[in-house]
Amino acid sequence: MEKASAADLAIAAKNIKLLVLDIDGTISGASNTVSEPVKQAIAAVQAKGIKVAIATGRMYCSALRFHQEVNSVLPLSAYQGAWIQDPVNQKIHRHWSVPTDMAHQLLDYFEQPHLRSLLSVHFYINDQLYVRDLSQESRIYAERSGITPIPVGDLRQVLTNEPTKILALCDDAEVISELLGNLRRQYTPAELYLTTSVATFFEATNPLVNKGTAVRYIAEELLGLESSNVMTIGDNFNDLEMLQYAGIGVAMGNAPDGVQAIAQWVAPHVEQDGAAIAIEKFLLS
């Protein structure tokens, strides 16, 4: 994608009425909180009448505190946009889940002898996290997410309900990369949406789900806006679709090269408050 010129971006910035932010690696770094400069930049944007929304791969219950920290008045898009809910009136605008037969097939794949000991598998059902057992990876994930996983042994017994999302974790990014490649050859985009939110997290959702469709819903269906009125900021491959949808798509300096390549501008690293700098540049200057 050809990068927009500085002049084009300055013109585009004048049209922005909605800012959509990812959480991890974008507005929240190692501290697992939103820094004061980022909070101040978001508040300044809202004071100008620009609305702010969150779009994350996190569980709804895990993302809620960030939604509250940035004082968003819009529905929260969780699980890559598979679950969109308004925290004020509790209305669920969207819940697109993974068909049970697909969940069984993925579980069979993850439990092959050469993979079973390498992967921690997470099933998200009704905004609760079910795991086979509490692996070290699952413990770290749960602590950062602020949620309590439910160990069930055989995950097949919770598949009486369709999962909102399926996650496979491995501390070896090569294993996840190979897994993603293999499963993308096995399933078409019309069957499952497959992505990585960090290099060690493989994620599967309903094929209609991605952050791009979530942002489009918030912008067009709820607010009556167009893509040219939207700015998005993200840091990983699960942000690609929302970066491509927006009038201005900004990648973080800590984003992988493939994500930076499709963005119209690259902000500094999350630990340098890159989101605040991007907001200042486009929406406050």
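Me: Is cysteine 170 buried or exposed?

Reply: Cysteine 170 is buried, because its relative accessible area is 3%. Buried means under 20% relative accessible area, exposed over 50%, and partly exposed in between (1.4 Å probe, protein chains only). This is a predicted model, where local features need pLDDT of at least 70 and side-chain atom pairs count only at pLDDT 80 or more, while totals for chains, interfaces and linings use all residues. Residues are numbered from 1 along each chain as its sequence is written, and side-chain values use heavy atoms, with hydrogens and water left out.

Me: And what about cysteine 61?

Reply: Cysteine 61 has a relative accessible area of 34%, so it counts as partly exposed.

Me: How many disulfides are there?

Reply: The count is zero, with a disulfide taken as a pair of cysteine sulfur atoms within 2.5 Å.

Me: Remind me, what is a disulfide in general?

Reply: A covalent bond linking the sulfur atoms of two cysteines.

Me: New topic. Where is serine 97?

Reply: Serine 97 is in the loop between strand S5 (92-95) and helix H4 (100-110). Helices (H or I, at least four residues) and strands (E, at least two) are DSSP runs, numbered from the N terminus.

Me: Buried or exposed?

Reply: Serine 97 counts as buried, because its relative accessibility is 14%.

Me: What does serine 97 touch?

Reply: Apart from neighbours within four places in sequence, serine 97 is in contact (heavy atoms within 4.5 Å) with Glu162, Pro163, Thr164 and Asn206. The side chains of serine 97 and glutamate 162 are also joined by a polar contact of 2.6 Å. A polar contact is a pair of N or O atoms within 3.5 Å; within protein, one must be able to donate a hydrogen and the other to accept it, and residues adjacent in sequence count only if both atoms are side-chain atoms.

Me: Pockets next. Which element gives the most to the lining of the largest pocket?

Reply: H6 does, with five residues.

Me: How does that lining divide by class?

Reply: The lining of the largest pocket has seven nonpolar, eight polar and 10 charged residues. Ala, Val, Leu, Ile, Met, Phe, Trp, Tyr, Cys and Pro count as nonpolar, Asp, Glu, Lys and Arg as charged, and the others, Gly among them, as polar.

Me: And the lining of the second largest pocket?

Reply: That lining has 10 nonpolar, two polar and three charged residues. H1 gives the largest share of it, four residues.
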